[in-house]
Amino acid sequence: MKIAVMSCIHGNYEALNSVLIDIEKQKAEKIFCVGDLVGYGPHPNAVVEQIRSLDIPTVLGCWDEDIVEGLNSCECSYPSLLAEKRGQLAHEWTDREINPETREYLGSLPHTLKEENMCFVHGSPHSNHEYLLPDLDGFLAVERVLSSGADVLFCGHTHVPYVRTLDAGQLLVKVNSLGRENLESNSCIAPLKKIVNVGSVGEPRHGRPNATYVIYDNETGEVNIREIPYNYQLTCEAIINKGLPEIFAWRLARGLEFAEKADDPTHICER
């Protein structure tokens with residue numbers, strides 16, 4: 001069965017519709033979304049209405065959570081004071097823009113979805129706000145997948161797609177007690193695991209404005225990262241016309257990761 005997985009739509013209705021058209025062409029039998037339906041983009045209500053109308057299973061993203069729980073519920077830091085100010089402006093605009101039905105729906109979303117040997121999260125199984133970067137320490141990467149109870153962990157949050165195959169090999173557990181080593185030991189053979197970051201539909205940061213999502217074949221294990229062109233200029237115009245920070249249109253048009261670089265990108269808000 002072909003499964004489509006997408007993330008980080010961020011109120012970009014034009015990108016979402018283009019991705020949905022491509023999903024239909026790929027003959028995917030089921031669609032999952034790993035969160036961040038709102039934020040940055042000019043059409044949060046329309047995006048949520050589309051997701052709901054198609055009954056797409058969706059998990060809670062960090063932007064979705066902040067809109068429901070309040071600004072900075074994640075306790076992350078920002079790469080700069082300027083980025084923090086823009087994030088606050090975007091949050092306030094989105095908070096005013098969304099209707100009660102959208103807010104109620106976002107508040108109902110689960111943190112995790114599971115199906116067969118697959119798990120779907122926004123950031124990681126531990127937190128919506130944790131970045132599973134492609135160069136994450138191998139032991140930690142394996143632990144994150146194992147903690148999900150799945151073989152394939154789908155995530156988003158970073159806005160940059162990648163596939164990482166992890167050979168857990170033989171896991172040896174040793175227990176020390178009162179200075180006595182190897183009091184108890186056990187081992188098991190773990191099958192290959194995968195982390196699949198599906199990138200971003202509405203706020204790509206891989207260096208191009210094209211939307212990204214993933215088609216996964218759960219029989220063969222094949223992962224196809226799809227990059228979909230769309231009329232991003234319409235979204236950029238709407239961002240500016242609706243009074244959102246113009247830098248959001250600028251970076252959307254360029255597919256940039258951040259307007260400013262942080263010394264430690266593992267703990268910054270993606271706003």
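**Strand pairs, helix packing and a buried histidine**

Mentor: Strand S6 (residues 162-166) and strand S9 (residues 193-197) pair in the antiparallel sense over five bridges. The model is predicted: local features require pLDDT of at least 70 and side-chain atom pairs pLDDT 80 or more, whereas totals for chains, interfaces and linings use all residues. Residues are numbered from 1 along each chain as its sequence is written, and side-chain values use heavy atoms, without hydrogens and water.

Trainee: What makes S6 and S9 a pair?

Mentor: Two strands pair if DSSP finds at least two bridges between them; S6 and S9 have five bridges. Within this pair, Tyr-162 stands opposite Asn-197 in S9. Strands here are DSSP runs of E with at least two residues, helices are runs of H or I with at least four, and both are numbered from the N terminus.

Trainee: Why does His-129 count as buried?

Mentor: His-129 has 14% relative accessibility, and therefore counts as buried. The residue lies in the loop between strand S4 (118-120) and helix H6 (138-148).

Trainee: What joins the side chains of His-129 and Glu-65?

Mentor: A polar contact of 3.0 Å joins them. The term requires a pair of N or O atoms within 3.5 Å; within protein, one must be able to donate a hydrogen and the other to accept it, and residues adjacent in sequence count only if both atoms are side-chain atoms.

Trainee: Why is helix H1 called roughly parallel to helix H2?

Mentor: H1 (residues 13-25) and H2 (residues 44-53) pack at about 25°, with their axes 9 Å apart. That angle makes H1 roughly parallel to H2, the classes being under 35 degrees for roughly parallel, over 145 for roughly antiparallel, 65 to 115 for roughly perpendicular, and oblique for the rest. Axes are lines fitted to C-alpha atoms, for helices over the stretch in contact, and angles run from 0 to 180 degrees between N-to-C directions.

Trainee: Which residues make the contact?

Mentor: Tyr-13, Leu-16, Asn-17 and Leu-20 of H1 meet Ala-46, Val-47, Gln-50 and Ile-51 of H2, contact meaning heavy atoms within 4.5 Å.

Conventions:
Buried < 20%, exposed > 50% of the residue type's maximum accessible area, 1.4 Å probe, protein only.
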